[in-house]
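Have a go at each task before you read its solution.

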Amino acid sequence: MKYFELDTQSYFEEKNLCLAIGNFDGFHKGHFTIIDSLKKIANEKKQLASIMSFSPHPREYFNKKNENFNIYSKSDKINFLKKFNIDIYIEFSFDKKLSELSANQFIENILIKKLQIKNIVVGKDFKFGKDRSGNFKILENYSKENNFKLHLVEAIMHSDGLNKYSSSIIRENIKNGEIEKANFALGRYWHMSGKIIEGDKRARKINFPTANIEPNNNILPKKGVYCVKVSLNNEKYLGISNFGERPTVDGSKLLLETHIFNFNQEIYGNDLTVEFLTFIRSEQKFINFDELAKQIKKDIEIAKKYHEI
């Protein structure tokens, strides 16, 4: 897969694109359908299956609260695209110049002149241009006059027929601890990744050593305890994680602390990926370490029943 970082001033020389546009945050089941349509059309037309996304996410750009927003990291997104065998991934810089382009200017300057698209695949609710004034109808009118074809992918609904797959809903699920709902919509376990850092080793003193990572700029889960799967050095393990500030020890920094079952190795500096399976309980402050240890034992029992071990 070829990867390009572009902005409004960049030169782009690739031709013969079949392009899907969207943020693809999370790569959920709704996105699978768009990508399948993209690849099918690209194959029929003998064109390059291409995706254009924006960095930062437009909502993140306009959000003045500086909140963690993305469901997955940039590297995760690129890895997902490689697995889908996409030919070209364009990460377009969402900056002041792009944000001020009208819908017409976006089509004319970016899609037609810069990218020279031949086919474009979008969802019906796709919005673009300043103040989100561009829509499917405007794209359709341009396609008739500018020698490119527009392909619509309808929203993909849950089996209940009431709700569509939505990155916004998935974010809310993660923030509320409704991990199983998020995982179902994603079609995989949601995860957090990072390098294992050295902690204060207090958990080791009560016989529950943990591998600790700091959260990155992705969306943060509800503070509390989770049943998890762990990827470490190309091996899979089962375990339990606590995400939060560790109020029992008057912690002030957010950490993801993971106790890996049946594991006792020094792994500081290694990359760790923690997949969230289900939420066990909210974070709480205990009066002493003995009470904390008792609760951790209960949490582990719950997790092992979930893991069926």
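This is a predicted model: local features need pLDDT of at least 70, side-chain atom pairs count only at pLDDT 80 or more; totals for chains, interfaces and linings use all residues.

Residues are numbered from 1 along each chain as its sequence is written, and side-chain values use heavy atoms, with hydrogens and water left out.

**Exercise 1.** Work out the strand order of the open sheet of 6 strands, and find its edge strands.

Step 1: Reading across, the order is 1-4-3-2-5-6, with parallel pairing (two strands pair if DSSP finds at least two bridges between them).
Step 2: Strand 1 (2-6) and strand 6 (149-153) each pair on one side only, which makes them the edges.
Step 3: Neighbouring strands here are turned by 25 degrees against each other on average, direction ignored (axes are lines fitted to C-alpha atoms, for helices over the stretch in contact, and angles run from 0 to 180 degrees between N-to-C directions).

Helices and strands are DSSP runs numbered from the N terminus: H or I with at least four residues for helices, E with at least two for strands.

**Exercise 2.** Zoom in on strand 2 and strand 5, then find a helix that lies across both.

Step 1: Strand 2 (residues 17-21) pairs with strand 5 (residues 119-123) in the parallel sense over 3 bridges.
Step 2: Opposite C18 you'll find N119 of strand 5.
Step 3: Helix 1 lies across strand 2, strand 3 (48-55), strand 5 and strand 6, at about 140 degrees to strand 3.

**Exercise 3.** Decide which residues of helix 8 (residues 179-186) are buried, and what they pack against.

Step 1: Buried means under 20% relative accessible area, exposed over 50%, partly exposed in between (1.4 Å probe, protein chains only).
Step 2: I179, A182, N183, A185 and L186 make the list.
Step 3: They sit on the same side of helix 8, because they cover an arc of only 165 degrees around the axis (taken from the directions from the helix axis to the C-beta atoms).
Step 4: Their packing partners are helix 1 (29-45), helix 7 (167-175), strand 9 (224-232) and strand 12 (271-282) (contact means heavy atoms within 4.5 Å).

**Exercise 4.** Describe how strand 11 (residues 255-260) is covered and paired.

Step 1: 6 of its 6 residues are buried.
Step 2: L255, E257 and H259 point one way, while L256, T258 and I260 point the other.
Step 3: Strand 8 (residues 211-213) pairs with strand 11 antiparallel over 3 bridges, and A211 has T258 as its bridge partner.
Step 4: Strand 10 (residues 235-244) also runs antiparallel to strand 11, joined by 6 bridges.
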